[in-house]
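Q: I am new to this structure and would like a close look at a single part. Please keep it brisk.

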Amino acid sequence: MRRFPNPRLTGLGSGLFCGAVMVLVGYLDALLFGASLAVYSVLFLPVCVLTAVWVRRGDLVTAPVVLPIAFAAGLVPVADDGGGISGHLMGLFTALATQAGWLYGGTLVAGLIVTVRRVRLMARRAAARRRSP
């Protein structure tokens, strides 16, 4: 039976991980798929799951917080460039608005995973307290 890697990321590490991966996904999407927002948004979901699964127990609350920041950072190479800084900012805000469903969905998935992990951790601690005299 093959075991999957079980890294444990700190809060900062999870932010750096998902931020770097989303920026990489953004550049690869722009290069390979012509800056397709749909491809970018769908690839955001596995990053959400991995971040929520790999974050340390003590830093569980950071996973749903850093994901929207990483999503926005990765949109920079994907957003339409209307010319100049104001055009690029307008393209970035438009992309955030049109892809909000994916952003909320991925953050919700990560939040659910983190919540389940937290409840299981609290149940284990309560069981250990009951066993000890």
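What is the handedness of the crossing of H3 and H5, left-handed or right-handed? Please describe the packing of these helices along with it.

A: The crossing of H3 and H5 is right-handed. Keep in mind that this is a predicted model.

Start with the setting. The chain holds 5 helices and 0 strands. Read from the N terminus, its elements run α-α-α-α-α. The radius of gyration of the chain is 18 Å, well over the 14 Å that the globule rule gives for 133 residues, so the chain is more spread out than a compact globule. Its C-alpha atoms fill a box of roughly 70 × 30 × 20 Å along the principal axes. Buried residues account for 33% of the 133 residues.

Now the pair itself. Two packed helices are described by the angle between their axes and the distance between the axes. H3 covers residues 63–75, and H5 covers residues 100–131. Their packing angle is about 160°, and their axes lie 9 Å apart. Angles over 145 degrees count as roughly antiparallel. H3 and H5 are therefore roughly antiparallel to each other.

Next, the residues that meet. H3 brings Ala63, Pro64, Leu67, Pro68 and Phe71. From H5 come Leu103, Thr107, Ala110, Gly111 and Val114. By type, the residues of this contact divide into 8 nonpolar and 2 polar, with no charged ones.

Last, a look at contacts across the chain. Of those with a separation of 6 or more, 74% are between residues 24 or more positions apart.

Conventions. Residues numbered from 1 in each chain as written. Predicted model: local features only at pLDDT ≥ 70, side-chain atom pairs only at ≥ 80, totals over all residues. Heavy atoms only, no water. Axes fitted to C-alpha atoms, helices over the stretch in contact; angles between N-to-C directions. Helix = DSSP H or I, 4+ residues; strand = E, 2+ residues; numbered from the N terminus. Parallel < 35°, antiparallel > 145°, perpendicular 65-115°, else oblique. Left-handed = near helix turned anticlockwise from the far one by under 90°. Contact = heavy atoms within 4.5 Å. Nonpolar A, V, L, I, M, F, W, Y, C, P; charged D, E, K, R; others polar. Rg over C-alpha atoms; globule rule 2.2 N^0.38 Å. Buried < 20%, exposed > 50% of the residue type's maximum accessible area, 1.4 Å probe, protein only.
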